[in-house]
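Biologist: Please walk me through this model. Let us read it feature by feature.

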Amino acid sequence: MDKKMFFGEYGGQFVPETLIPALDELEFWYNKLKKDDKFKAELDTLLRSYAGRPTPVYKAENLSRELGCELYLKREDLMHTGAHKVNNTLGQALVTKYMGKNRVIAETGAGQHGVASATAAALFGMECTVFMGEVDARRQEPNVKRMELLGAEVVRVQDGQRTLKDATNAALREWVASVETTHYIIGSIVGPYPFPEMVAYFQSVIGIEANAQCKELGFDPDCVVACVGGGSNAIGIFQGFLDNQKIEIFGVEAGGVSDKDGEHARTIGMGKPGILHGAFSYLVQTPQFQVADVHSISAGLDYPGIGPAHAALNDSGRVKYGYVRDDEALNAFKMLTRKEGIIPALESSHALAYVIENKEQFKGKKVLVNLSGRGDKDMAAILERGLI
Amino acid sequence: MRGFYIVGGYPDREQFKKCLNAVAAAGFEFIEVGIPFSEPVADGPVIASAIHEAVMNGVDIEAIMSDVREMKQKSPSIKATVMTYANIIHGYGEKKFSDDFGDILSGVIIPDLPTRMHSWMTDKGLSIPIIPFVTPVSRDEDIEAVKDTKAPFVYYISIMGVTGSDKKGAVNNKADIAKKLTSKPVVTGFGIRTKEDAERALNATGGFVIGTEVVKRQKDFSEFCKYIEQFR
């Protein structure tokens, strides 16, 4: 068993034997392409001219005054398709092209990764099927429409809790059946090796860019904060700051409504190590080792697992993983909207809420929050439920 | 080798025991008992929905295994294997699972543990032989890696897909290569439905296992018996 598949003790390739040759092929191409100047230039051009990189680091003056800290936002919400997800889907679609495959599949929770995958597929002229839990499809209806407009087929998954976990199961099943012609664009730093490493690589642009931008503004942040579901936006921004031990780093999980079973999605906070979707990592599970039901107001964080890199960062103590509840995230959503004129995604609202709820701890500090996505997709559900 | 897969504890303990004992009493060579896991990613709709029902009703590993033990006492010649996902065995504890059930199990089938990950569990104390998989896309080195298996057979997944798929089995020589290399019987699974499919597999690789068609009948004992009878 190869150590390269692991972050500390987490990771691995817990998948059907049928997928092993495809994972080896992907590893081969990924390792080759990340050193290939032509590939890198092609991706860089796409990220700049098509997707909107670099995204700014914005000092939120109004909220800073309110909270008593210097609050900076890394504006991934300004990316094409509305979130950081497109950093990864453009990268993986380009890998798919080099591998000579012409069909991609994807799972999606909030729909952001599905839209970003459908977008990349449209751009590259590839066939695209997106798996989305029925519950998520309902709460993120505008994103379903967008995917369909972009030419993707959206499969509404009826199994289990009908959310992200079940969509991922369905995508894995489809991949086993079509692996010879199809690439599976996993949307987070989850799944079997080399996915966690590859997705982290494509998202590292967030942190590298943010680090350089902060330096240009003349400072290093004291704290970096990001929300964590599977953990791709978080690992993306963390990678720019992990080496600087003076910087405190926080991952924020979805606390749902309470710590009762089925009412939260606190994978690190309440889970224990287990195996889901190809990797050994923290997992919310029952005493009988079944994957437990989870809940979050935000579809993108409503997931019982977490990327193996975060499990390792938690155990080493380098990153502190906390949580906020649904209503605190909603409050942050409202505050950023009203005070700064930025409507954040409910996922990203969790990161912001953590700073708001712990403002004493952050007082006087320079705090960089990854604003991973914008909230247009959430507005219908929020208004419909009378939450604001 | 002729074998059947049934879902442990499904639809309830009594009915499961009856099905388990019927397979043993009919003189088949092996039985594959599924310990349900909530995320059955290698399974198609029929088995997945049976597993979901079982999970909703609560999975009791000790109860399933005590029924297997009882069956083994009555029919010691049948080989018993367990089919379950990696999280169940890891959660229970690789060593504890081996200590508790090693005496009654000839092997474990773990659909999300490919050959290269076997040592992850054996290093943690899993001493029951892990039944290795060969697939239509296995490369020479993948088959080479199962050469020294201590398992009673090699499991050949004959189709690219999940259990119960209606795709046609792949026609290539992977199963033959595995058979020669390991000198173990090769059991063909996934997509075997009829007596003809089973005979073809017996002739081609030396064994078959049927899951979906059996699980479909696990709620109706007389249908279950009627179905397995034709393979005697």
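**The chain contact**

Modeller: 26 residues of chain A are in contact with 34 residues of chain B; contact means C-beta atoms, placed from the backbone, within 7 Å. This is a predicted model: local features need pLDDT of at least 70, side-chain atom pairs count only at pLDDT 80 or more, and totals for chains, interfaces and linings use all residues. Residues are numbered from 1 along each chain as its sequence is written, while chains are lettered from A and ligands numbered from 1 in written order.

Biologist: Which element gives the most to the side of chain A that touches chain B?

Modeller: H8(A) does, with 5 residues. Helices (H or I, at least four residues) and strands (E, at least two) are DSSP runs, numbered from the N terminus.

Biologist: At what angle do H13 and H14 of chain A pack?

Modeller: Axes are lines fitted to C-alpha atoms, for helices over the stretch in contact; angles run from 0 to 180 degrees between N-to-C directions. Here H13(A) (326-340) and H14(A) (346-357) pack at about 95°, axes 7 Å apart. They are therefore roughly perpendicular, the term for 65 to 115 degrees.

Biologist: Which residues of H7(A) are buried?

Modeller: Buried means 20 or more other C-beta atoms, placed from the backbone, within 10 Å of the residue's own. In H7(A) (141-149), A:Asn143, A:Val144, A:Arg146 and A:Met147 are buried. They cover an arc of only 160° around the axis, so they sit on the same side of H7(A). The arc is that of the directions from the helix axis to the C-beta atoms. Their packing partners include helix H5 (112-124) and strand E7 (153-157) of chain A.

Key
Contact = placed C-beta atoms within 7 Å. Parallel < 35°, antiparallel > 145°, perpendicular 65-115°, else oblique. Buried ≥ 20, exposed ≤ 12 C-beta atoms within 10 Å, placed from the backbone.
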